[in-house]
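Here is a short report on a protein structure.

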Amino acid sequence: MVRKRPISELGWAIKKRLAELQMDQREFCRRYHIPENRLGDIMTNARKATKHRNRIVEILDLERNRDS
C-alpha cells in the first residue's frame, strides 16, 4: 500500500504513544469518540481539526506545540 500523505511529527508521536499504551488507532477513536478519518487527517496534517487535535494531545499527554 502506498501512502498518499506523509505522516507528520505529531502523527508519529501519536503512533508512538498509542504503542506505549498498547492501543491501536481504531480502539483509541472508539474509546474517545473521535472519528477515525479525523485522526488520520491530523496525523498527516491534511486538516487542522483544532478541536480534535487539542483533545488528542490532551488525552495522550503530548506536547501542545507539535506541528501547530
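The count comes to one aromatic pair, where rings of Phe, Tyr and Trp (its six-membered ring) pair if their centres lie within 6.5 Å. The rings of Phe28 and Tyr32 have centres 5.1 Å apart and planes at 50°, so the pair is tilted. Planes under 30 degrees apart count as stacked, over 60 as edge-to-face, and the rest as tilted.

This is a predicted model: local features need pLDDT of at least 70, side-chain atom pairs count only at pLDDT 80 or more, and totals for chains, interfaces and linings use all residues. Residues are numbered from 1 along each chain as its sequence is written, and side-chain values use heavy atoms, with hydrogens and water left out.

Phe28 and Tyr32 are four residues apart in helix H2, so about one helical turn separates them. Helices are DSSP runs (H or I, at least four residues), numbered from the N terminus. Phe28 is buried, at 0% relative accessibility. Tyr32 is partly exposed, at 26%. Buried means under 20% relative accessible area, exposed over 50%, and partly exposed in between (1.4 Å probe, protein chains only).

Now the helix packing. Two packed helices are described by the angle between their axes and the distance between the axes. Axes are lines fitted to C-alpha atoms, for helices over the stretch in contact, and angles run from 0 to 180 degrees between N-to-C directions.

| Helices | Angle | Axis distance |
|---|---|---|
| H1 (residues 9-20) and H4 (residues 50-60) | about 40° | 11 Å |
| H2 (residues 25-32) and H3 (residues 36-43) | roughly 120° | within 9 Å |

H1 is oblique to H4, and H2 is oblique to H3. Angles under 35 degrees count as roughly parallel, over 145 as roughly antiparallel, 65 to 115 as roughly perpendicular and the rest as oblique.

Which residues of H1 and H4 meet? From H1 come Leu10, Ile14, Arg17 and Leu18; from H4 come Arg53, Ile56, Val57 and Leu60. Contact means heavy atoms within 4.5 Å.

H2 and H3 touch through Gln25, Arg26, Phe28 and Cys29 of H2 and Glu36, Leu39 and Met43 of H3.

Glu63 is partly exposed, at 47% relative accessibility. Glu63 and Leu10 are 53 residues apart in sequence and 8.9 Å apart in space, C-alpha to C-alpha. Leu10 also belongs to the H1 side of the contact with H4.

Key
Helices (H or I, at least four residues) and strands (E, at least two) are DSSP runs, numbered from the N terminus.
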